[in-house]
Amino acid sequence: MRQSVDLRHACRLVNHGPTVLVSAEHGGRRNLMAAAWSMPVEFTPPRIAVVIDKSTYTRELVLAAGTLALNIPCRALADVSYTVGSVSGRDDPGADKFACYGIGHFDGPALGLPLVEGCVAWMECRRIPEPHAEQAYDTFYVEVVSALADDRVFSAGRWSFRPDNAELHTLHHLGAGRFAVAAQTVQGRLLPARGRGT
Ligand SMILES: Cc1cc2nc3c(=O)[nH]c(=O)nc-3n(C[C@H](O)[C@H](O)[C@H](O)COP(=O)(O)O)c2cc1C
């Protein structure tokens, strides 16, 4: 089910704007938050921008460790996504969202970061230090160093959202814990040129 994704195709994992779960670990502490705001900014090497607010505990761990993971949840993880995006690991320094909410995880292949079980894609990333963007816009630029995906819904470098894998469709945040799921796809075709306008 879990297959590695060629880094050339890693940006396609977030091309369609899914909600991601940002996981991070440093000094024996690990944490997880939801992020609706992420986007690819470079195909090769694969680079992604993600907004991580100053108020978040995750940001503290990312800055300390210099690494983070982007986990892409599916429909079945809507409650997990909303929950980890609604409570802070900072509120209770002893709390571990993974343990607290029974969220399974496994070690990332390149950096050993905690990756969330049940997601449909995973990327381990290194922070590209951009202090101005981080401070002014809460935007972190990261480079993907490993990518995995569930081949029931992403294979040969493409997402395949079908009725028979509906539980694996990605989440798109509408606000207040409501998500749209990636359900239907449409193939755009090149329009025939009608000739030059005058
Ligand atoms: C669906 C969803 C999407 C979110 N998107 C973002 C985001 O893009 N950037 C951000 O900084 N916070 C976002 N949040 C809020 C954080 O996930 C939230 O502040 C979280 O509790 C931070 O956890 P932490 O303090 O343990 O790191 C989102 C929350 C939800 C529920």
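Biologist: Which residues come nearest to the ligand?
Modeller: Among the 22 residues around the ligand, the nearest are Asn-31, Thr-58, Val-87, Ser-88 and Gly-89. To count as near, a residue needs a heavy atom within 4 Å of the molecule. Keep in mind that this is a predicted model, where local features need pLDDT of at least 70, side-chain atom pairs count only at pLDDT 80 or more, and totals for chains, interfaces and linings use all residues. Residues are numbered from 1 along each chain as its sequence is written, and side-chain values use heavy atoms, leaving out hydrogens and water.

Biologist: Which elements supply at least two residues each to the shell around the ligand?
Modeller: Strand 3 (29-35), helix 1 (57-65) and helix 2 (78-84) each do. Strand 3 gives the largest share, four residues. By class, the shell holds 12 nonpolar, eight polar and two charged residues; here Gly counts as polar.

Biologist: How much space lies in the largest pocket, and which residues lie nearest its centre?
Modeller: About 430 Å³, and the ligand takes up this space. Of its 24 lining residues, Met-33, Ala-34, Ala-35, Ala-36 and Gly-85 lie nearest the centre. A pocket is an open set of points on a 1 Å grid where a 1.4 Å probe fits, with protein on both sides within 12 Å along at least five of seven lines; lining means an atom within 4 Å of a point. Strand 3 gives the most to this lining too, with four residues.

Biologist: What lines the second largest pocket?
Modeller: Residues including Arg-12, His-16, Phe-154, Trp-159 and Thr-185 do. This pocket has about 210 Å³ of space, and its lining divides into five nonpolar, five polar and two charged residues.

Biologist: Why do Pro-45 and Asp-138 get a mention?
Modeller: Most peptide bonds are trans, and most residues other than glycine have a negative phi. Thr-44 and Pro-45 are joined by a cis bond, with omega about -5 degrees; Pro-45 belongs to the loop between strand 4 (38-42) and strand 5 (47-51). Asp-138 is not a glycine, yet its phi is positive, about 55 degrees. You'll find Asp-138 in the loop between helix 4 (131-137) and strand 10 (139-150).

How values were computed. Sits in = over half its atoms within 2 Å of the grid points. Points joined across faces, edges and corners; volume = space filled by probe spheres on them.
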